[in-house]
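Thanks, everyone. Please have a look at the screen, and then I'll walk you through it.

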Amino acid sequence: MKLIMNKFKYIYLFVLIGLFLIPSGCSEDFLEPTPLSFYEPTATFSTESGLNAALAICDRHLKLYWATDHNEMLSLGTEYMFSELMVASATDKRSMLCDVANMLTPTSETSSQNLGRNNSIWFFWQETYKGIMYANTVIQFVDAVEALDETTKDIYRGRAYFHRAFRYMALVFQFGDVPLVTKIVEVPKQNYRSTERDAILQMITKDMEYAVEHVPDQSDMDLVGMVNKGACRMLLAKCYLAVGEYAKAKEQTDILIDQSGYSLMEDNFGAFNDGGEPQTWPITRNVIWDLHRAENKLISANKEVIMGLPNRGSDQESFVKMLTMRILYPFLFNGMVKTKDGKQALLNLRRNHGDYNPNYDYMRAFGRGIATWRPTSFHTRGLWYVNGQLDSGDLRHSSEVGNWVRMEDYKVNNKASSEFGNPVTLFDDEGNLLCGDTIRRWFDVPHYKLFLDDPVNDANISGSDGLRGATNGGIADWYLYRLAEAYLLRAEAKYYMNENDPTIKDDLNAIRMRAHCSELYEGTVTIGDIMDERARELYWEEWRNVELTRVSLCLARSGKPDEWGNTYTLDNFDKQSGTDNNGGSYWYQRIVNYSMYNKGPIQINATGNSNPNYTMDKKNIYWPIPYAAITANNKGELSQNFGYDGYDAATPKWSNWEDAVADEGETTN
């Protein structure tokens, strides 16, 4: 099978449609079309090639959430820092978004804090509505393509429904109640109302039922990377969970697991990548390493992938660099990590330097990190305890086979130090700290998930950049959905139906056995066990903040308890504020129990933020609706989220999606 690569320049659809959603800059128009082209959409999309162009843009746009063309940012990092797994760690930036409870406001984007430089909240708002626009283009014009039979039109429509539903699922769990846009507007509309979250969920559930019926299985497709039936089933299962149809969600996952031809990969497969520098960091080949190599993710031998995101440097028009090794690894090579004898512990040595030693080439083995975000100690340590025991067999946490890198795995490579060749240490013999900034420069890394070949920097033996991640000529294919997640979703559905169901553990253990875990779940498991296993298995694949918020809704709707015995209600789980440890949502409880938030200031030696105070408020379960969007919608009124400036419970909203759709043609009050 062939990978689908977008052969159309990204600007193409802007030229055809001429629609921007809150572009950066002083002038911001909400959902306002700009006549940038002489093309007539009804003519452009009257052919199948026009529809293909629009769907290709949908597919390419989807991967931008994971792969971001930026030297210091990956959009998905924002999802993770609004969870228990990561925090912002670019401590050289005074505006680093650590004090979320106080820094995040509806005007943060345009304030002096300039938060847009170190998080992607506004990117998610703007780009997600762009993605909805691309999908709406296909939906609106597919019936005008007279050359297509009805079956083919249904396939196009189903794929476009998937793209739109995926983005609305994200929006409602990031921003709550948002404007519902299902059409390409022909004249400026500035009188939108917000539509309630549950109404939007009902609409996308209906759309995904349609998509599952009409979109073909991957086995019946020639191209890899387009929406297939399996992906539609996965998203439909999540929709069913969100609206409380738990038995239907389980049914979809049953079909994926038992009837769709997918299976968990349990043995080595595909090409073996020996890592950036095997003399420094040897990899013992194992199934987890092979499963997460970019070059293996979308091959036919991989029976676990349901849908992936092609991203290959050989196609320059569609490739987006993915600098995981720069952005997500510790910042080590500037002298802040010392030896016991006071020398710089880790040097950045070019390969043509006289002191270069391939046994200590950490720049190629692990990259030259800058640590825009870092994992929490829960993510690197506490998460890996099961049955009260640290699971030493879990390949996903194993430095023995090379999948996981601990700071102690680095060895001093400075020949001027008497400690040369010894492991770096955090303290000297008297207990003095040897690392000036432990937030940015001292943490473990799930190497198997983040290592990518970097052809550009690997070829430059006289350069000092080290590996950064996938650059031109590299491969950064990524997973959208894998079968492992279907097991986790099925476990979740079972929990909401009967939290004492003894088969829930079987779904979790299927994943754990594949990872060679020595500890398996026994007896009754909790929702916390399920979310922990999601964190272990789906790091940097799932949208962690979205999933935690979705599960928060499911717990409130089902009345089932969390791992601490707390129960939640639909009336107020997402309408509380404060930074104390009590109350809030399940999302909030995971954060205050497991993360660095709300623990007080941390004293470090950093040039920009030397006393970071990580805070998170209960209200931050939803991000604020951008003030620029509210004011640009000057003939209507968008609802602001609870706890933020501008919130008014009396703001009118659409409580069902049909009324919101009917109103889209109305452009004045």
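Cys 517 is buried, with a relative accessible area of 12%. Buried means under 20% relative accessible area, exposed means over 50%, and partly exposed is in between, using a 1.4 Å probe and protein chains only.

Two housekeeping points. This is a predicted model, where local features need pLDDT of at least 70 and side-chain atom pairs count only at pLDDT 80 or more, while totals for chains, interfaces and linings use all residues. Residues are numbered from 1 along each chain as its sequence is written, and side-chain values use heavy atoms, with hydrogens and water left out.

Back to the cysteines. How many disulfides does the structure hold? The count is 0. Cys 58 is in no disulfide, and the nearest cysteine sulfur, that of Cys 232, is 13 Å away. A disulfide needs a pair of cysteine sulfur atoms within 2.5 Å. Cys 58 counts as buried because its relative accessibility is 0%.

Next, His 61. This residue is found in helix α3, residues 48-63. Helices here are DSSP runs of H or I with at least four residues, strands are E runs of at least two, and both are numbered from the N terminus. His 61 is buried, at 1% relative accessible area. What does its side chain contact? The side chain of Arg 167, in a polar contact of 3.1 Å. A polar contact is a pair of N or O atoms within 3.5 Å; within protein, one must be able to donate a hydrogen and the other to accept it, and residues adjacent in sequence count only if both atoms are side-chain atoms.

Now charge pairs. Side chains of opposite charge can pair when their charged atoms come close. The structure holds 52 salt bridges. Each is a side-chain nitrogen of Lys or Arg within 4 Å of a carboxyl oxygen of Asp or Glu.

Take Asp 477 and Arg 312. Their closest N and O atoms are 2.8 Å apart. This pair links distant parts of the chain, 165 residues apart. Asp 477 sits in the loop between α17 (455-458) and β12, and Arg 312 in the loop between β8 (305-309) and α12 (324-327). Both Asp 477 and Arg 312 are buried.

Another pair is Asp 394 with Arg 396, at 2.9 Å, N to O. Asp 394 counts as buried at 1% relative accessibility. Arg 396 is buried too, with a relative accessible area of 1%.

Then there is Glu 547 with Arg 534. The closest N and O atoms in that salt bridge are 3.7 Å apart. Glu 547 is in helix α21 and Arg 534 in helix α20, 13 residues apart. Both Glu 547 and Arg 534 are buried. Salt bridges that share partners build one network here, and its members include Lys 238, Asp 532, Arg 534, Arg 544, Glu 547 and Arg 550.

Let's stay with α20. How many of its residues are buried? It is 11 of 11, across residues 527-537. Among them are Ile 527, Met 531, Asp 532, Glu 533, Arg 534 and Arg 536. At the helix start, a side-chain oxygen of Thr 526 reaches to within 3.1 Å of the backbone nitrogen of Gly 528.

The loops on each side deserve a look. Most residues other than glycine have a negative phi. His 516 has a positive phi, near 65 degrees. His 516 lies in the loop between α19 (504-514) and α20. Its relative accessible area is 48%, so His 516 is partly exposed. Trp 540 has a positive phi of about 60 degrees. Trp 540 lies in the loop between α20 and α21. At 0% relative accessibility, Trp 540 counts as buried.

Last topic, cavities. The structure holds 8 cavities of 30 Å³ or more. A cavity is a set of points on a 1 Å grid, over the protein atoms alone, where a 1.4 Å probe fits but cannot get out; lining residues have an atom within 4 Å of a point. About 190 Å³ of space lies in the largest cavity. Volume here is the space filled by probe spheres set on the points.

Which residues lie nearest the centre of the largest cavity? Phe 166, Lys 238, Tyr 481, Trp 543 and Glu 547, out of 16 lining residues. The elements that give two or more residues to that lining are α7 (150-174), α9 (229-243), β12 (478-482) and α21 (544-558). By class, the lining has 10 nonpolar, no polar and 6 charged residues. Ala, Val, Leu, Ile, Met, Phe, Trp, Tyr, Cys and Pro count as nonpolar, Asp, Glu, Lys and Arg as charged, and the others, Gly among them, as polar.

Conventions: 1 Å grid on protein atoms, 1.4 Å probe; cavity = no way out; pocket = protein on both sides within 12 Å on 5 of 7 lines; lining within 4 Å.
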